[in-house]
Amino acid sequence: MKVVIQRVSEAKVTVDQKILGQIDQGFCLLVAFADEDNDETIKYMARKIANMRIFSDTDDKMNLSIKDVQGSILSISQFTLYADTKHGNRPSFTGAGNFETSSKKYDQFNQALRDYDLKVETGEFGADMQVSLTNDGPVTILMER
């Protein structure tokens with residue numbers, strides 16, 4: 001499982017010019033799954049993200065979690081995080097998980113985040129989405145498990 005965490009002041013996702021998800025302060029997550037990811041992987045990643053302290057406190061140190069700042073999450077599925085660019089000029093995506101099982105894992109992951117009392121907005125799994133955001137900092141973190 002791979003997740004790109006972007007600390008944002010705002011973010012939204014649209015499909016066919018219709019807004020599917022929109023947040024103010026929080027995280028925009030780009031999420032991809034491999035076939036070997038399981039319940040333990042999903043729970044671990046959700047717990048780490050829910051408790052990650054990358055928002056500034058009153059001393060301007062990254063010391064607050066998304067829960068501390070009452071932030072929200074915009075979760076976007078993005079299998080292209082598994083792009084293999086070692087050979088040729090066209091990426092291979094054979095490391096990305098099966099479409100159907102990854103779709104279920106994506107739903108499970110978003111529910112695991114909600115289980116931490118976080119507001120989670122989503123895009124549409126497998127759709128051609130347009131994501132716009134304002135990266136705050138910028139702070140961008142890559143997590144892999």
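Which backbone nitrogen does a side-chain oxygen of Asn 98 reach at the start of H2? The nitrogen belongs to Glu 100, and the oxygen comes to within 2.9 Å of it. A polar contact is a pair of N or O atoms within 3.5 Å; within protein, one must be able to donate a hydrogen and the other to accept it, and residues adjacent in sequence count only if both atoms are side-chain atoms.

## Ground rules

This is a predicted model: local features need pLDDT of at least 70, side-chain atom pairs count only at pLDDT 80 or more, and totals for chains, interfaces and linings use all residues. Residues are numbered from 1 along each chain as its sequence is written, and side-chain values use heavy atoms, with hydrogens and water left out.

Helices (H or I, at least four residues) and strands (E, at least two) are DSSP runs, numbered from the N terminus. Buried means under 20% relative accessible area, exposed over 50%, and partly exposed in between (1.4 Å probe, protein chains only).

## Helix H2

H2 has 16 residues. From first C-alpha to last it reaches 23 Å, close to the 22 Å expected at 1.5 Å a residue. That expected span is 1.5 Å times one less than the number of residues.

The buried residues of H2 include Ser 102, Tyr 106, Phe 109 and Leu 113. Their cover includes E1, E3, helix H1 (39–51), strand E6 (72–77) and E7. Contact here means heavy atoms within 4.5 Å.

## The cores

A nonpolar core is a set of buried Ala, Val, Leu, Ile, Met, Phe, Trp, Tyr and Cys residues joined through side-chain atoms within 4.5 Å. The largest one has 26 residues. Val 3, Ile 5, Phe 27, Leu 29, Ile 49, Ile 73 and Phe 109 touch the most other members. E1, E3, H1, E4, H2 and E8 each give two or more residues to this core. H1 gives the most, with 5 residues.

Now take Leu 29. Leaving aside neighbours within four places in sequence, its contacts include Val 3, Ile 49, Ile 73 and Phe 109. A second, separate core has 11 residues, among them Val 4, Val 8, Ala 11 and Ile 23.

## Rings and charges

The structure holds 5 aromatic pairs. Rings of Phe, Tyr and Trp (its six-membered ring) pair if their centres lie within 6.5 Å; planes under 30 degrees apart count as stacked, over 60 as edge-to-face and the rest as tilted. Phe 27 and Phe 55 have ring centres 5.4 Å apart and planes at 20°, so they are stacked. Phe 27 lies in strand E3 and Phe 55 in strand E4, so the pair ties together parts 28 residues apart in sequence. Both residues are buried.

Phe 99 and Phe 125 have ring centres 5.0 Å apart and planes at 65°, so this pair is edge-to-face. Phe 99 is exposed, at 54% relative accessible area. Phe 125 is partly exposed, at 21%.

A charge sits over a ring if NZ of Lys or CZ of Arg is within 6 Å of the ring centre and within 35 degrees of the ring normal. Lys 2 lies over the face of Tyr 82, at 4.7 Å from the ring centre. Arg 145 lies over Tyr 44, at 3.9 Å.

## Backbone exceptions

Most residues other than glycine have a negative phi, and most peptide bonds are trans. Gln 17 has a positive phi of about 65°. Asp 117 has one near 60°. Both sit in loops: Gln 17 between strands E1 and E2, Asp 117 between H2 and E7. A cis peptide bond joins Gly 137 and Pro 138, with omega about -5°. Pro 138 lies in strand E8.
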